[in-house]
Amino acid sequence: MFETASACIRCNKEDVAKVVLMPGDPLRAKFIAEHYLESPVLFNDVRNMLGYTGTYKGKRVSVMGSGMGIPSMCLYAHELYTQVGVDAIVRVGTTGGLQDDLHAGDIVIAQSAATNSSIASLYDSPVKLAPTASWDMLRDAVAACERLGYGYQVGQVVSSDVFYNPSEDAPARYRDLGLLCVEMETAGLYIEAQTSHKKAVSILSVSDTFFTGESLSADEREKSFTNMMEASLETALNYA
């Protein structure tokens with residue numbers, strides 16, 4: 001007998017930790033569970049959106065895929081927050097760098113997320129929502145990177161509704177506005193956290209850059225991913 005009545009997550013509430021790491025790819029969630037968590041147990045496989053709970057440094061942490069794009073992130077984050085009882089979500093994923101001083105392999109901690117999505121307009125708000133990280137999680141993510149000695153930047157990112165943007169000059173215009181990088185989920189997560197009165201932060205690894213042509217080799221991608229995961233797990237410990 002499952003406690004949750006959610007459409008896409010079928011689990012008992014006690015099977016999920018209070019903090020969840022969310023990569024886009026469900027197979028990446030499986031990889032994280034198997035390589036970073038002790039004794040991981042599968043709690044969800046509906047639509048193959050895999051979710052696991054294990055322990056990290058003695059504290060319960062869950063990891064689950066979000067799918068690609070804002071609509072998928074909003075669906076799963078909403079159900080985790082409102083129907084499963086999760087308090088905090090850390091998005092983990094890759095991003096394309098926009099600024100010349102942002103290098104492949106660096107970590108970006110998203111303070112806020114500009115977006116070309118209309119998602120914010122669907123909420124009954126007297127103002128247009130500005131998707132923003134939870135301050136305490138942002139502070140803890142910065143502290144984790146400082147403690148671990150990893151290169152990072154903090155600032156505004158772009159959450160795009162399209163992977164193949166028909167506006168060819170969009171990346172240059174983003175860069176001119178000082179936006180750090182482009183990805184596809186953070187704005188949705190931050191809006192869900194804000195409207196659900198929960199916590200969220202997005203910690204990203206720069207896989208390549210738009211204008212300097214930097215990209216990571218397979219070995220470099222693994223190291224970069226490891227750095228991001230260590231920073232994210234250290235952040236998550238404060239909310240487990």
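**Burial, contacts and helix packing**

Student: Why is Val-61 called buried?
Tutor: The relative accessibility of Val-61 is 0%. Buried means under 20% relative accessible area, exposed over 50%, and partly exposed in between, with a 1.4 Å probe and protein chains only. A value of 0% is under the limit for buried, so Val-61 counts as buried.

Student: What kind of model is this, and how are residues numbered?
Tutor: This is a predicted model, in which local features need pLDDT of at least 70 and side-chain atom pairs count only at pLDDT 80 or more, while totals for chains, interfaces and linings use all residues. Residues are numbered from 1 along each chain as its sequence is written, and side-chain values use heavy atoms, with hydrogens and water left out.

Student: Where is Val-61 placed, and which residues is Val-61 in contact with?
Tutor: Val-61 lies in strand S4, residues 59-64. Helices (H or I, at least four residues) and strands (E, at least two) are DSSP runs, numbered from the N terminus. Contact means heavy atoms within 4.5 Å. Apart from neighbours within four places in sequence, the contacts of Val-61 include Ala-17, Leu-37, Thr-53 and Leu-233. The C-alpha atom of Val-61 is also separated by 9.0 Å from that of Tyr-239, although these residues are 178 apart along the chain.

Student: How do you know that Thr-53 is buried?
Tutor: Thr-53 has a relative accessible area of 7%, and this residue belongs to strand S3, residues 51-56. The value of 7% falls under the limit for buried, so Thr-53 is given that label.

Student: What makes the pairing of the side chains of Thr-53 and Ser-62 a polar contact?
Tutor: A polar contact is a pair of N or O atoms within 3.5 Å; within protein, one must be able to donate a hydrogen and the other to accept it, and residues adjacent in sequence count only if both atoms are side-chain atoms. The side chains of Thr-53 and Ser-62 are joined at 2.5 Å, which lies within that limit. The side chain of Thr-53 also reaches the backbone oxygen of Asp-15 at 2.7 Å.

Student: Why is Arg-47 called exposed?
Tutor: Arg-47 has a relative accessible area of 69%, which is over the limit for exposed, so the residue is exposed. Arg-47 sits in the loop between strand S2 (38-44) and S3. Its phi is near 55 degrees, a positive value in a residue other than glycine.

Student: How do you know that Asn-48 is exposed?
Tutor: The relative accessible area of Asn-48 is 56%, a value over the limit, so Asn-48 is exposed. Asn-48 is in the loop between S2 and S3, and its phi is near 60 degrees, a positive value in a residue other than glycine.

Student: What makes H2 roughly parallel to H5?
Tutor: Helix H2 (residues 70-84) and helix H5 (residues 186-196) pack at about 30 degrees, with their axes 8 Å apart. Axes are lines fitted to C-alpha atoms, for helices over the stretch in contact, and angles run from 0 to 180 degrees between N-to-C directions. Angles under 35 degrees count as roughly parallel, over 145 as roughly antiparallel, 65 to 115 as roughly perpendicular and the rest as oblique. The angle is under the limit for parallel, so H2 is roughly parallel to H5.

Student: Why is H1 called roughly perpendicular to H6?
Tutor: The axes of helix H1 (residues 26-36) and helix H6 (residues 218-236) come within 12 Å and cross at roughly 75 degrees. That angle falls inside the perpendicular range, so H1 is roughly perpendicular to H6. Arg-28, Phe-31, Ile-32 and Tyr-36 in H1 meet Phe-225, Thr-226, Met-229 and Leu-233 in H6.

Student: Why is H5 described as largely enclosed by the rest of the structure?
Tutor: Nine of the eleven residues of H5 are buried, so this helix is largely enclosed. These buried residues pack against H2, strand S5 (88-97), strand S6 (107-115), strand S7 (152-159), strand S8 (181-183) and S9.

Student: What makes Ser-205 buried?
Tutor: Ser-205 has a relative accessible area of 4%, under the limit, so Ser-205 is buried. Ser-205 is found in strand S9, residues 199-209.
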